[in-house]
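Have the structure open and follow along.

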Amino acid sequence: MTEPLPASQLYTDQFAADPYPALARLRADAPVCPVSSPRFDSYLLTRFDDARAALTDPRLSKDLYGPGQHYLQIFGPNSEALNRNMLNADPPEHTRLRRLVSQAFAPRRIEALRPRVRQIVDDLIDGFVAQGRAELMHDFAIPLPMVVICELLGVPRADQGQVLDWTQVIRTSGSSRRPPAQERAAVGEAQVRLHHYLAGLVAAKRAEPADDLVSALIDACDQDGRLSEAELVTTTFLLLFAGHQTTADFLGNATVALLTHPDQLDLLRDTPELLPSAIEELLRFDGPLPVASPRVATEDVEYRGVHIPAGSIVGVALNAANHDPAHFVDPDRLDLRRVRGPHLGFGHGVHYCLGVSLARMEAQIGLAVLLRRLPGLRLAVPVDELRRLPAASPFRGLLELPVRFVASAPPVPAPPARRPRPTEPTPTA
């Protein structure tokens, strides 16, 4: 049996800054490779054809809560109350759970949110546009999708800051200077507090339903038992976390990609109609989810002659697949005019991203308004000094994104229109 590639050879600071040279070597020399990471050992698939096939392979299960209890080594002991959801389930359970929430993310319903998303974007930029500088992750990229998904779910405005803090503890796990035991304890505490809050939110919405997604899920649960009480909480967590995490990281990655490719930035400013296809190319170029959520081999499987024993964790390297030269011409070049190809940034198969319409809309509005309202936008530090999530994180994103730009005053709101005075009746003789 091939020994796993040790983490010390792959998950380094250099890999966190730019993983693509290392992934290219794996894709060429060991496209199906046993890998050891600080989190767990797995078999990593890096070629496009293998990745696409694995994402629909019924032998690779998403149920991490079976006899192997793989969730323990992947998410930790406090995670079952939050992570036992449709992301970590196979059909028919996955089909049942996904059907219950899919209508809330239908393209027509998402499109109706466009004015509100635009308002949130403008409000966030108004908060720093006069300063000539910003930390775009915390000032813009993270709060934008968080506010949107919280409003969809029905999380009160007063609670959104605390909810964001808990999710950020989970997102940034491994990035602090705390000892590993303290880091695990902090993540575990955030999971417990978030679970307690979401259970309380469900109880509050049951007592006083509103026009929001959590109330709709409760109705599905109470009407005919299609959703258990535990599933209410875990589904709410999945929508909350997945509904903002990857979009936030995408906005940060996309901004850096554009600022470090000024020719493409100028092209997008001069040709704004390219924006929808540019979003797809930016996602292919440096996506926020480098490896798809883990799968477990339910039987012995083989990819490219490599034997993967039953019970093994399999990682599908989406970002490596999206740079496969067998499918993309000059894949390491950012080309906003690239003919749109079948990238895997949103996944593939039954677990294809449920919130794709919302993510695309937030990205399009966010980037368009950001580039229009921040002339002279540039990095405030050299690109190699940007602080990123750890190399072994399940997410590819930035801890901070300091930028500078030409300051301008936020627009002055128009005064409310005066009501015309009622016309006095004309006296008659």
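Contact here means heavy atoms within 4.5 Å, and helices are DSSP runs (H or I, at least four residues; strands are E, at least two), numbered from the N terminus. A word on the ground rules: this is a predicted model, where local features need pLDDT of at least 70, side-chain atom pairs count only at pLDDT 80 or more, and totals for chains, interfaces and linings use all residues. Residues are numbered from 1 along each chain as its sequence is written, and side-chain values use heavy atoms, with hydrogens and water left out.

Start with helix α17, residues 275-285. The buried set is Leu275, Ala278, Ile279, Glu280, Glu281, Leu282, Leu283, Arg284 and Phe285. What do they pack against? The partners are α2 (20-29), α15 (245-259), α16 (262-270) and α19 (356-373).

Now move to helix α14 (residues 229-242) and find threonine 234 there. Threonine 234 is buried too, with a relative accessible area of 3%. A polar atom of its side chain sits 3.1 Å from the backbone oxygen of arginine 84, which makes a polar contact (N or O atoms within 3.5 Å, one able to donate a hydrogen and the other to accept it; residues adjacent in sequence count only if both atoms are side-chain atoms). Leaving aside residues up to four places away in sequence, threonine 234 touches Glu80, Ala81, Leu82, Arg84 and Asn85.

Next, a pair of helices: α8 (residues 114-126) and α10 (residues 143-153), whose axes come within 10 Å and cross at roughly 140°. Axes are lines fitted to C-alpha atoms, for helices over the stretch in contact, with angles from 0 to 180 degrees between N-to-C directions. From α8 the contact takes Arg116, Val117, Ile120, Val121 and Leu124, and from α10 Pro143, Leu144, Val147, Val148 and Glu151.

Finally, look at α11 (residues 157-171) against α12 (residues 180-207): these two pack at about 145°, with axes 8 Å apart. On the α11 side you'll find Asp159, Val163, Trp166, Thr167, Val169 and Ile170, meeting Ala186, Val187, Ala190, Gln191, Arg193, Leu194 and Tyr197 of α12.

Note on methods: Buried < 20%, exposed > 50% of the residue type's maximum accessible area, 1.4 Å probe, protein only.
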